[in-house]
Amino acid sequence: MSNYPPFGGRYDCGAAAAGIRELLTRLRRRMRNEAIVDEATARLATRLNIRPAEAADQLSRMAQDSGLALVEIARGIDKPPDRPAEPPVLPDWITGVLETVHISACFLTPVRDATGRVVDFLIAAANQHAGDVAGRTAAELRGRRLIETSPGAAGSGLFDDFLNVFETGETLYRGPLEFVEVRHHQLWPATMSVRAVRIEGGLLVTWCALDDEEVLVAGWERAQRLAELGWGEWNLATQQTLWTPQMYEMFGRERGEGPMPLEDLPLVVVPDDLPVVDDQLRTLLEHSEAVETEFRIQHRHGLRHLSVVSEPVLDTEGLPVKVRFLVQDVTKNRRRERALAVAHAQASLQRERAEEEHRIAVQLQNTILPVRRGLMQLPGLSIGVRYLPSEELARLGGDWFKARSIPNGRVLLGIGDAMGHGLAAASLMLQMRSALVGLAYTQAPANQLTTWLNDLLVHSNNGVTVTGTAIIGHFDPADRTLTWTNAGHPPPLLIRHGQAELLEGVPGTMLGAFEKAEYGLATTQLEADDVLVLYTDGVIERRGQDLDAGIAALTQAAGQCGCADPEKVIDCVLAHLDGRGTDDDVCIAAARVL
């Protein structure tokens with residue numbers, strides 16, 4: 001029997017749902033007003049043959065002079081006569097190039113004012129695939145001015161980008177771009193990529209809206225099941241909702257019911273947690289801020305704990321047009337935490353505080369990294385791992401290691417360290433490790449996985465800066481190559497023919513340090529019987545000694561331990577380093593190439 005009161009008790013879930021529905025109604029009204037202003041700006045720019053920014057300034061002055069609201073002035077701007085211009089005669093090869101492109105493509109020619117300045121572009125030609133996010137076809141686009149047809153090009157900055165390409169000759173590539181089109185007083189948000197190049201006195205432009213199936217199916221279904229992750233997107237303008245399959249399982253809905261409307265979310269939340277959800281949705285919709293939270297829902301199979309990272313997608317005016325949720329079912333974790341809490345309470349009655357803390361530390365390490373010894377056999381590799389936790393709870397670290405085969409035949413290798421100590425570091429480590437397991441099934445390269453992990457640390461900790469280091473790579477058993485990236489972590493060690501040396505990679509910043517971080521990819525050719533050694537800084541850090549000395553000691557020890565058995569390599573290395581005393585956790589892995 002549930003310990004929670006029935007719905008409709010202390011916190012009225014129906015009132016909460018009604019409040020969110022009212023908030024969404026106000027938000028959609030603001031979207032409509034924004035669309036009216038954007039369309040009026042495009043109409044004024046077309047009628048007066050001026051640039052969109054100049055039209056926007058003139059519209060604003062008209063509102064100030066009249067004392068009316070900007071949207072009321074915008075409503076009075078009539079649509080120009082619907083008379084497509086006669087496109088100029090283009091060379092046959094341009095038409096041929098357009099038709100060879102398998103995505104939307106067009107050729108833009110400049111529209112100039114009386115002084116010869118470019119104020120717009122004419123869609124002189126478009127291929128058979130051309131179409132915009134609002135559903136217009138190539139026939140509806142040809143012969144029309146860009147700003148008239150696509151007011152969103154001005155608001156998104158694409159018009160200014162096209163001007164820059166035309167004036168400087170620089171090639172443009174933007175993607176993925178959160179683009180918001182405007183048509184019939186409605187916003188049409190879409191995620192797309194755009195390319196443009198100057199040629200023959202005009203611009204050759206291609207664009208492609210990301211297909212829903214491409215976004216959702218490619219790598220997520222497998223990743224969701226493994227990491228118990230779900231992803232959902234609510235399009236606030238079109239009221240379309242996308243859910244990955246795991247979302248239906250986590251929220252206890254049948255596929256035939258479709259995704260849950262955003263305003264109905266409070267209806268399934270445990271009453272005690274309704275204030276948390278109400279605050280989350282208001283933070284997203286009113287303050288346009290990302291938020292991370294956790295709440296419980298009533299599921300057909302019992303209570304579920306959901307950890308949710310949510311973010312709004314904003315248009316150029318800062319108005320949220322989409323809301324995205326990344327959801328993880330952490331029910332098992334919470335049960336485990338409750339079990340540990342009970343064990344702690346029992347131990348406190350029988351032992352001294354120091355013994356109790358040691359027991360909790362050991363239990364936590366078993367929960368997070370249960371495998372400390374034993375060989376793993378993966379395609380082309382035999383791997384040994386050793387994890388030695390700190391003896392003190394306060395020194396409990398964030399060291400982690402992961403090795404797993406992925407569907408394309410390669411082997412994922414990752415080792416890292418969440419900065420700090422204690423439960424916060426362990427929690428961050430588990431977050432990084434779990435995220436890597438799920439993301440790896442997208443089959444993206446190692447530097448992309450590292451970039452995603454960096455984004456996770458930057459955006460999912462409620463404004464608190466958290467950092468970590470990692471080596472992430474893929475081993476291809478077909479040609480014995482290792483492609484890897486380094487995010488501020490000590491470099492791997494290669495043992496070959498009894499000689500040990502550090503691998504040279506592309507250094508990168510530690511995870512979570514900067515919002516915009518790029519990571520380089522290095523490729524190392526391995527040979528049969530090579531032994532690759534990955535380790536955390538606990539192996540090389542010693543009191544009163546710099547890291548270079550620690551790395552030199554490790555390299556010297558590894559050079560004396562070049563045997564075929566990865567477990568024996570680890571034992572040998574640790575034996576040579578014994579007596580050098582470390583306060584930190586130690587994680588070391590040895591992978592022998594078969």
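Visitor: In the hairpin of β17 and β18, which residue takes a positive phi?

Guide: His 497 does, with a value near 55°, and the hairpin has 2 residues between its strands. This is a predicted model, in which local features need pLDDT of at least 70 and side-chain atom pairs count only at pLDDT 80 or more, whereas totals for chains, interfaces and linings use all residues. Residues are numbered from 1 along each chain as its sequence is written, and side-chain values use heavy atoms, with hydrogens and water left out.

Visitor: How do you know that β17 and β18 pair?

Guide: Strand β17 (residues 493-496) and strand β18 (residues 499-502) share 4 bridges in the antiparallel sense, so they count as paired. Arg 496 stands opposite Gln 499 of β18. Strand β17 is also joined to β20 (residues 531-535), again antiparallel, over 3 bridges, and there Ile 495 has Val 531 as its bridge partner.

Visitor: What makes β16 a mostly covered strand?

Guide: A residue is buried at under 20% relative accessible area, exposed at over 50% and partly exposed in between, with a 1.4 Å probe and the protein chains only. In β16 (residues 481-487), 7 of the 7 residues are buried. In a regular strand the side chains alternate between the two faces of the sheet. On one side of β16 the buried residues are Thr 481, Thr 483, Thr 485 and Ala 487, and on the other they are Leu 482, Trp 484 and Asn 486, which leaves both faces covered.

Visitor: Which strands are joined to β16 by bridges?

Guide: Strand β15 (residues 468-476) is joined to β16 by 7 bridges, and β19 (residues 522-525) by 4, both antiparallel to β16. Asp 476 stands opposite Thr 481, while Trp 484 has Ala 522 of β19 as its bridge partner. Strands β15 and β16 form a hairpin with 4 residues between them, and in that turn Arg 480 has a positive phi of about 60°.

Visitor: What makes β13 and β19 edge strands?

Guide: The open sheet holds 5 strands in the order β13-β14-β15-β16-β19, with antiparallel pairing. Strands β13 (398-405) and β19 each pair on one side only, and that puts them at the edges. Neighbouring strands are turned by 15° against each other on average, direction ignored. Helix α15 (residues 446-459) packs on this sheet and touches β14, β15 and β16, its direction making about 155° with that of β15. Such angles run from 0 to 180 degrees between N-to-C directions, the axes being lines fitted to C-alpha atoms, for helices over the stretch in contact.

Visitor: Why does Ser 382 count as buried?

Guide: Its relative accessibility is 6%, which is why Ser 382 falls in the buried class. Ser 382 lies in β12 (residues 381-388), and beyond four places in sequence it touches Leu 375, Met 376, Gln 377, Pro 566, Ala 590, Ala 591, Arg 592 and Leu 594, where contact means heavy atoms within 4.5 Å. The side chains of Ser 382 and Gln 377 make a polar contact at 3.1 Å. That term asks for a pair of N or O atoms within 3.5 Å; within protein, one must be able to donate a hydrogen and the other to accept it, and residues adjacent in sequence count only if both atoms are side-chain atoms.
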